[in-house]
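Here are my notes for you, written as numbered points. Keep the viewer open and look up each residue as you read.

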Amino acid sequence: MAKSFIDVAMGSGVWVFLLLNLILRVAIPVVIAVLLIKALLKYLNSDKKGDKIIKKSLGEVIRKHREEKGFTQEYMAEQLGISRQAVSKWENGVTEPSTSNLFALAKLFDMTIEDFMKEIQQ
């Protein structure tokens, strides 16, 4: 009696080959994609406060020194010859001060530009 195609295929390991091919071409990339998405979501949802190095933004440093000195945004704006809205934008990270304004800020806060910039990098 002649063997059917299925009998021949099962005997020769074609089914194992087809199953392995399916796993390698479909299942593994799907698992990798799911793991990458989970890792990305975990990173995006992390508060980053557990990190050993927390970089302060320029706006945070400006606000910190302004409040330590007891300055209002209006007072700083007058001293620098800019608008109060400009100071607010700096503190909120919408814009950044020009180089000349960075030097003026350091002087206004009674510190060197180097010390002022180091705070941002810490």
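1. To start, how many salt bridges does the count come to? The count comes to 5 salt bridges, where a salt bridge is a side-chain nitrogen of Lys or Arg within 4 Å of a carboxyl oxygen of Asp or Glu.

2. A word on what you're looking at. This is a predicted model, in which local features need pLDDT of at least 70 and side-chain atom pairs count only at pLDDT 80 or more, while totals for chains, interfaces and linings use all residues. Residues are numbered from 1 along each chain as its sequence is written, and side-chain values use heavy atoms, with hydrogens and water left out.

3. Take Glu91 and Arg63. These two form a salt bridge, with the closest N and O atoms 3.4 Å apart. Glu91 lies in helix H5 (residues 84-91) and Arg63 in helix H3 (residues 58-69), so the pair ties together parts that are 28 residues apart in sequence. The helices are DSSP runs (H or I, at least four residues), numbered from the N terminus. Glu91 is buried, with a relative accessible area of 4%, whereas Arg63 is partly exposed at 27%. For those words, buried means under 20% relative accessible area, exposed over 50%, and partly exposed in between (1.4 Å probe, protein chains only).

4. Next, find Glu74 and Arg84, whose side chains meet in a salt bridge (3.9 Å, N to O). Glu74 sits in helix H4 (residues 73-80) and Arg84 in helix H5, so this pair ties together parts that are 10 residues apart in sequence. Glu74 counts as partly exposed at 42% relative accessibility, and Arg84 counts as partly exposed at 31%. There's a network to spot too: salt bridges that share partners join Arg63, Arg66 and Glu91.

5. How do H4 and H5 cross? Their axes come within 8 Å and cross at roughly 110°. The axes are lines fitted to C-alpha atoms, for helices over the stretch in contact, and angles run from 0 to 180 degrees between N-to-C directions. H4 and H5 are therefore roughly perpendicular to each other, a label that covers 65 to 115 degrees. In the contact (heavy atoms within 4.5 Å), Gln73, Glu74, Met76, Ala77 and Leu80 of H4 meet Arg84, Val87, Ser88, Trp90 and Glu91 of H5.

6. Now turn to H6 (99-108). Which residues of H6 are buried? They are Asn101, Leu102, Leu105, Ala106 and Leu108. Seen down the axis of H6, these buried residues fall within an arc of 160°, so they line one face of the helix. That arc is taken from the directions from the helix axis to the C-beta atoms. The face turned away from the buried side of H6 carries the exposed residues Thr99, Ser100 and Lys107.

7. Last, look at Asp110. Where is Asp110 placed? Asp110 is in the loop between helix H6 and helix H7 (113-121). Its phi is near 55°, a positive value in a residue other than glycine. Is Asp110 buried or exposed? Asp110 is exposed, with a relative accessible area of 63%. The side chain of Asp110 also meets that of Lys69 in a salt bridge (3.1 Å, N to O). Lys69 lies in helix H3, so the pair ties together parts that are 41 residues apart in sequence. At 37% relative accessibility, Lys69 counts as partly exposed.

Definitions and conventions: Helices (H or I, at least four residues) and strands (E, at least two) are DSSP runs, numbered from the N terminus. Angles under 35 degrees count as roughly parallel, over 145 as roughly antiparallel, 65 to 115 as roughly perpendicular and the rest as oblique.
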